[in-house]
Amino acid sequence: MRTWFLCKVKYAKENEQGLLKNISEAYLVDAVSFTEAEAILYDRLASQIRGDFQVTGISKSNIVDVFFYEDADIWHKCKISYMVADGESGKEKKVTQYMIVTANDVKEAYDRIQESLGNMLVSFRVPDIVESPIIEVFPFERDEVADQLPEGNFRPVSEVTQDEE
């Protein structure tokens, strides 16, 4: 299961008049820890932001899934609710989850969430959709981890333990 971190970054940005203005932006990062989320931010934003920037806050997010569509760049946070049966008591329990989707407006976000979740086995409701302050989402990319490994004769741990037995 993914863990999404909401990260706030502050930096000086040049406006149309050429003056520097301090701004704060929000990013969503898929990471295993707060430390990794911060490292990913510094790695990704170093090439995007001219000058110095500061990570001013990192918190675990309640977002469980992300749906990206290339034709839009505005993120919308969608509240999804559905009922599930409790395995022990047999009673129905309401589950609420949050997801984000790129769309140009709230109606399009609703349509895209309906499309993205169309294969769910239970019926669901979308009681709330709001435009999110998130500027960009950085999902985990497996290729980046492989690129960071030094060259060598690496084997899975299971093979190493078999050799020792």
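Modeller: An open sheet of 4 strands has the order S4-S6-S5-S7, and its pairing is mixed. This is a predicted model, where local features need pLDDT of at least 70, side-chain atom pairs count only at pLDDT 80 or more, and totals for chains, interfaces and linings use all residues. Residues are numbered from 1 along each chain as its sequence is written, and side-chain values use heavy atoms, with hydrogens and water left out.

Biologist: What makes S4 and S7 edge strands?

Modeller: Strand S4 (63-67) and strand S7 (124-131) each pair on one side only. Two strands pair if DSSP finds at least two bridges between them. The twist in this sheet averages 25° from one strand to the next.

Biologist: How do you know that S4 and S6 pair?

Modeller: DSSP must find at least two bridges. S4 and strand S6 (residues 92-102) are joined by 4 bridges, so they count as paired. The two run parallel. Val 66 has Ile 100 in S6 as its bridge partner.

Biologist: What packs on this sheet?

Modeller: Helix H2 (residues 106-116) does, touching S4, strand S5 (75-85), S6 and S7. Contact means heavy atoms within 4.5 Å. The direction of H2 makes about 140° with that of S7. Axes are lines fitted to C-alpha atoms, for helices over the stretch in contact, and angles run from 0 to 180 degrees between N-to-C directions.

Biologist: What is the strand order in the other open sheet of 4 strands, with mixed pairing?

Modeller: The order is S3-S1-S2-S8. Strand S3 (53-60) and strand S8 (134-138) are the edges, since each pairs on one side only. Here too, the twist averages 25° from one strand to the next.

Biologist: Why are S2 and S8 called paired?

Modeller: Strand S2 (residues 20-30) and S8 share 4 bridges, and the cut-off is at least two, so the term applies. Their sense is parallel. Leu 28 stands opposite Val 137 in S8.

Biologist: Which helix lies across S1, S2, S3 and S8?

Modeller: Helix H1 (residues 34-45), running at about 145° to S3. Strand S1 covers 4-14.

Biologist: How many helices and strands does the protein chain have?

Modeller: It has 4 helices and 8 strands. Helices (H or I, at least four residues) and strands (E, at least two) are DSSP runs, numbered from the N terminus. The pattern along the sequence is β-β-α-β-β-β-β-α-β-β-α-α.

Biologist: What share of the protein chain is buried?

Modeller: Buried residues (under 20% relative accessible area, 1.4 Å probe, protein chains only) make up 30% of the 165 residues.

Technical notes
Buried means under 20% relative accessible area, exposed over 50%, partly exposed in between (1.4 Å probe, protein chains only).
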